[in-house]
Amino acid sequence: MAGTTSFNDIKRQFKDNKRLRLITYAVVGLIVVILGYILYRQFVYAPNNLKANEGYYRGLNLAAKDSVDAAIAELEPFVKKNDGYQGGEVAEFTLARQYMAKGDFQKALKLLEGVKLKDTYGPAMALGLQGDCYSELGKYKDAMDMYIDAAEANENEWTTPTYLFKAGQVAEEIKDFEKAKELYERINKDYYMFGQQKSIDKYIARVSN
């Protein structure tokens with residue numbers, strides 16, 4: 001009997017207290033969203049992601065053999081079907097490289113803008129390839145900005161000096177020698193080994209005159 005009274009009290013409080021109702025609806029809504037997300041990840045995203053990871057290898061193998069047209073034919077439908085999954089993103093990155101190989105830099109650029117890789121170097125490389133596309137299209141200022149973004153996407157001893165160097169070269173193309181000097185000097189200061197490999201002093205001297 002006490003339990004029935006307590007339940008009725010709760011019902012009455014719920015009915016009379018607007019704040020309690022709002023909080024309850026918010027908590028229930030949040031639980032539904034969290035459960036929905038967990039169920040989606042477990043039963044929809046994870047199996048599809050695994051399938052996508054397994055499925056792009058045929059396209060990658062064709063790309064590795066320089067079978068550009070065959071790789072495009074394999075990868076295009078795969079990307080459409082698996083966009084948003086990691087396998088689909090890797091396939092989209094590879095598809096963009098195939099269009100670059102064919103000289104279709106506009107199409108490659110559009111694909112690369114949509115690539116969302118999650119590994120260590122992938123995001124920087126996707127930005128760096130966008131810089132390559134802009135450079136090939138003669139848009140050197142856009143290329144320089146994109147290379148700098150690529151250099152700073154994940155600072156490390158490989159991609160960062162590589163893209164700083166490319167940014168310096170396109171800075172020279174647009175005759176922004178002060179910016180080129182700044183980029184080359186940053187390589188010399190922070191990435192000494194890379195700078196030695198490129199004889200970076202030679203580039204610094206060139207843009208300083």
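1. A word on exposure to begin with: buried means under 20% relative accessible area, exposed over 50%, and partly exposed in between, using a 1.4 Å probe and protein chains only. D9 has 28% relative accessibility, so D9 counts as partly exposed. Its place is in helix α1 (residues 2–16); helices here are DSSP runs of H or I with at least four residues, strands are runs of E with at least two, and both are numbered from the N terminus.

2. Some ground rules, please keep them in mind. This is a predicted model, in which local features need pLDDT of at least 70 and side-chain atom pairs count only at pLDDT 80 or more, while totals for chains, interfaces and linings use all residues. Residues are numbered from 1 along each chain as its sequence is written, and side-chain values use heavy atoms, with hydrogens and water left out.

3. Now for the pair α5 and α6. The axes of α5 (residues 86–101) and α6 (residues 105–113) come within 8 Å and cross at roughly 165 degrees; axes are lines fitted to C-alpha atoms, for helices over the stretch in contact, with angles from 0 to 180 degrees between N-to-C directions. α5 is therefore roughly antiparallel to α6 (angles over 145 degrees count as roughly antiparallel, under 35 as roughly parallel, 65 to 115 as roughly perpendicular and the rest as oblique). Their crossing is left-handed, a term for a near helix turned anticlockwise from the far one by less than a right angle, clockwise being right-handed.

4. Which residues of α5 and α6 make the contact? From α5 come E92, F93, L95, A96, Y99 and M100, and from α6 come F105, K107, A108, L111 and L112, where contact means heavy atoms within 4.5 Å. By class these are nine nonpolar, no polar and two charged residues. Ala, Val, Leu, Ile, Met, Phe, Trp, Tyr, Cys and Pro count as nonpolar, Asp, Glu, Lys and Arg as charged, and the others, Gly among them, as polar.

5. α5 also meets α7. Here the axes come within 12 Å and cross at roughly 20 degrees, which means that α5 is roughly parallel to α7. This crossing is left-handed. F93, R97 and M100 of α5 touch M125, A126, L129, D132 and C133 of α7, a set with six nonpolar, no polar and two charged residues.

6. On α7 itself, the 15 residues reach 21 Å from first C-alpha to last, close to the 21 Å expected at 1.5 Å a residue; the expected span is 1.5 Å times one less than the number of residues. Among its buried residues are G128, L129, Q130, G131 and D132, and the cover over the buried residues includes α5, α6, α8 and α9. G138, with a positive phi near 80 degrees, follows α7.

7. Lastly, please check two loop residues. Most residues other than glycine have a negative phi. D66, in the loop between α3 and α4, has a positive phi near 60 degrees and is exposed at 65% relative accessible area. K175, in the loop between α9 and α10, likewise has a positive phi near 60 degrees and is exposed at 62%.
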